[in-house]
Amino acid sequence: MNLDSKIPEGPLESKWSSHKFNMKLVNPANRRKYHVIVVGSGLAGGAAAASLAEQGYNVSCFCYQDSPRRAHSIAAQGGINAAKNYQNDGDSVKRLFYDTVKGGDYRAREANVYRLAEVSSDIIDQCVAQGVPFAREYGGYLANRSFGGAQVSRTFYARGQTGQQLLLGAYAALSKQIGLGKVKMYNRHEMLDVVKVDGHAKGIIVRNMISGEISKHAGDCVVLATGGYGNVFFLSTNAQGCNVTAAYRAHKRGAGFANPCYTQIHPTCIPVHGDQQSKLTLMSESLRNDGRVWAPKDKETAKQIREGKLNANDVPEDARDYFLERKYPSFGNLAPRDISSRAAKEVCDDGRGIATTGLGVFLDFRDAIARDGKHAIEERYGNLFEMYECITGDNPYETPMMIFPAVHYTMGGLWVDYNLESTIPGMFVGGEANFSDHGANRLGASALMQGLADGYFVLPYTVGNYLGEQGVAAAGQVTTDHPAFAEVEADVKGRIDKLMSINGTESPRSFHKRLGNIVWEKCGMARSKAGLEEAIQEIQALKKEFWENVRVVGDADSLNPELERAGRVADFLEFGELMCRDALMREESCGGHFRVEHQTDDGEAKRDDENFTFAGVWEYKGDETVPALHKEPLIYENVKLVTRSYK
Amino acid sequence: MEKTMNLTLRVWRQKNRLDVGKFVEYKLENISEDSSFLEMLDILSEQLVEGGHEPVAFDHDCREGICGMCSMTINGVPHGPEGGITACQLHMRHFHDGQIITIEPWRAKPFPVIKDLVVDRTAMDKIIQAGGFITGRAGSAVDANAMPIDKQTADYAMDAAACIGCGACVAACPNASAMLFTAAKVAHMNSLPQGKAEKNRRSLAMVTTMDGEGFGGCTNIGECEAACPKGIPLDMIAQLNRDYALAQVKNFFQPVL
């Protein structure tokens, strides 16, 4: 597997600009001869599809939702980072770069992260020009806040709906191109496989989710922006439809999968209420700017709260353990996500958890309301408080919120080089679906930044460069008549037929839940060698059982949510095993990956820079064969690796 | 201990676009009051699958009230009787033991039923495609702070932009009018200085497309505002009417469309 990262020569600051200069260009009149396939319509996919169409390429864009406006980028609440330094508080491209590399626990590629920081300012300009209604100060200028462990105020936001507003901006740009006929939009279509011709990605096979029709689509290259794989855990903050199928199918066709064990567990979600639950709801991290996280100091108090015999407000000050402030005095409640999540887990493991399940801690606004007044808190978090009350029935102005960590984001993804091209030539991967920028842990407000950076400012260049290199004579030469398409289409159909014909007794959802339990217990917030080895065995057994006993009701040639889920769960089962293998291989703790064998005396993550400063990239070797591990060494020329300390 | 309830559901079942469709009754037991409405439907699905029947098809995705995918009329009200939330945010604690709950798809001519509770809302996308954008090619923007926008205007644009495009306004309207949806997008963009250049063209194109897609006219009934999970106010329709009238006059003398 060729893992040439293609990082341009030269100093960090000028790599991107010199790379752009060295790229092959496509004459504007020739661009209309090319056809680009974009899968996914979130921030990365929507922005890439719109931008490529603006440049003159013909684009086909696919999404599984009924409209591109519904991609799950829409649910991001908190904000988007940019190194604008509008607050004059010491921010710069270099600082954003440094914070992101450090926040990722030194497991991201320097050059990519620097480019991300570099284009961050352009994103804000672009979004404002599109009419994204960012929060403003009375003077009319843009407002910023500090967010998710940053010590400068560089986060731009639109109330608690930043993701929605940014996505609607990209959706508007995309809609314009659809209206102009430059983008052909395929709603309610699910990508089920990728087609390679002479080693290059030249098309995809999709299923029309309404009619069940399987169709072939050819293009000059393929862009995947299909999101993360958090739903392997069954319960996560992802939308119900989020899945790994497109990425995993590409992996099976030769795309390396990098760092699948890097998953982010977000500290501020509403705790699980029972086994009928279908998803977890995130409460924006911005709440930690004013809320104080605590748990009772002793187990007995916690027990009384769990049993409803004691009200949280009646716990005296000296019986409360503000554990983040205690453990990390300089960052306090704003400690990064991985650190905060683990701290909450420790408290609950210690028997001091609250909520009926004992899996929860408090996020308390009592002091903030006393300090700034209820009105000020309402201004800042009103919609979030309402959302909390709507779900739990509790009023957070009066009783502290209860929170617990939940799977939220996945830093791992398909391996890409500096051009965001995977190990399959001609297949580009953007947004959460790739592995590139966040290392082992993503900082708050960086996902929106990365999705839009890839979509607006990276892919439109690097895709153009690839097409330019292919030459105009090659444009549009591959059609669906090529035998490779019929072959892959037959595979896809065979798989659907197989799922429909098993006729077992257990629903796809039930298998999904069981898989989720295994990976949450053994490949969640804390991982051990023994646990991961067990998990691999259990997943293999579950996979076997799935293919013998799954029951898919309905038929394949109409709208059938059961069939959709069955196909996705089948891929999650294989992927879950890969994730555990990666976690087992990585004998260190870093970012969201915490191996209990590798911790300091006070329970902090212990990296092994000597042996693990690499991206672990897995190559598919067959259903019955163990995947092969390849390593892309991560070379730090500009940042000194230190132990992350937020104390 | 969590409280549970037994329910009778009357659910609209329709095999496909051409099928006539009918209500089918189901019994559900031991539903936790902490479950969401859609989790209750998940339980129904599992129960149906267990008996070898096809589950009820319904649109849903984020389940946190922002994607706008879920779309069902519950006891006669789009998104259910609570108001101010989407169906996915509705929780069972608002229902009681023994209750009969009727669940139907959005009912509007421009939203044909695809299956059971799933409808086709592409007509709304078409309205946006006609003019619901501010042209700003990637790479062409000036510095974000080059144009200050007073907070009041920015807040108004944000109020309008909060629309999630779910279509509850259309489903609630006796005329199946999409005026609130269209007005929200027009208000968002027309009110911002960046959106001024395309203002007249936008107002005309979006209203023309809305009419062309078969949505009815607005007769100021206000059901849309009541059903809107994001609180888009009726005033925005008045603003749209103003912008549209002005655009028509200008278009007469200096055509933009």
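Helices here are DSSP runs of at least four residues, numbered from the N terminus. One such run in this predicted model is helix H8 of chain B, which covers residues 235-253 and holds B:Phe253. With 66% relative accessibility, B:Phe253 counts as exposed, because the label applies to anything over 50%.

A:Glu378 belongs to helix H12 of chain A, made of residues 374-392. Its relative accessibility comes out at 41%, so A:Glu378 is classed as partly exposed, a label for values between 20% and 50%.

Next come the charged pairs. Side chains of opposite charge can pair when their charged atoms come close. Over all chains, a search of the whole structure turns up 68 salt bridges. One of them brings together the side chains of A:Glu632 and A:Arg109, with 2.8 Å from N to O. A:Glu632 sits in strand S19 of chain A (residues 628-633), while A:Arg109 sits in the loop between helix H4 (93-103) and helix H5 (110-129) of chain A, so this pair ties together parts that lie 523 residues apart in sequence. Both partners, A:Glu632 and A:Arg109, are buried.

A second salt bridge in chain A is formed by the side chains of A:Lys522 and A:Glu538, at 2.7 Å from N to O. This one links distant parts of the chain, with A:Lys522 in helix H15 (residues 508-523) and A:Glu538 in helix H16 (residues 529-549) of chain A, 16 residues apart. A:Glu538 counts as partly exposed, because its relative accessibility is 31%. In chain B, B:Glu198 and B:Arg202 form a salt bridge too, and their closest N and O atoms are 3.8 Å apart. Back in chain A, salt bridges with shared partners join A:Asp105, A:Arg107, A:Arg586, A:Glu588, A:Arg607 and A:Asp609 into one network.

Strand S19 of chain A turns up again in the sheets. An open sheet of four strands in chain A runs in the order S16-S10-S18-S19, and its pairing is antiparallel. S16 (413-414) and S19 are the edge strands, each pairing on one side only. Between strand S10 (residues 257-258) and S16 of chain A there are two bridges, again in the antiparallel sense. A:Phe257 has A:Leu414 of S16(A) as its bridge partner.

Elsewhere in chain A, strand S7 (residues 200-208) and S8(A) run antiparallel and are joined by five bridges. Across this pairing, A:Ile204 stands opposite A:His217 of S8(A). The two strands make a hairpin with five residues between them, and in this hairpin A:Gly212 takes a positive phi near 80°. As for S8(A) itself (residues 214-218), four of its five residues are buried, so the strand is largely enclosed by the rest of the structure.

Methods: Residues numbered from 1 in each chain as written. Chains lettered and ligands numbered in written order. Predicted model: local features only at pLDDT ≥ 70, side-chain atom pairs only at ≥ 80, totals over all residues. Heavy atoms only, no water. Buried < 20%, exposed > 50% of the residue type's maximum accessible area, 1.4 Å probe, protein only. Salt bridge = Lys/Arg side-chain N within 4 Å of Asp/Glu carboxyl O. Pairing = 2+ DSSP bridges.
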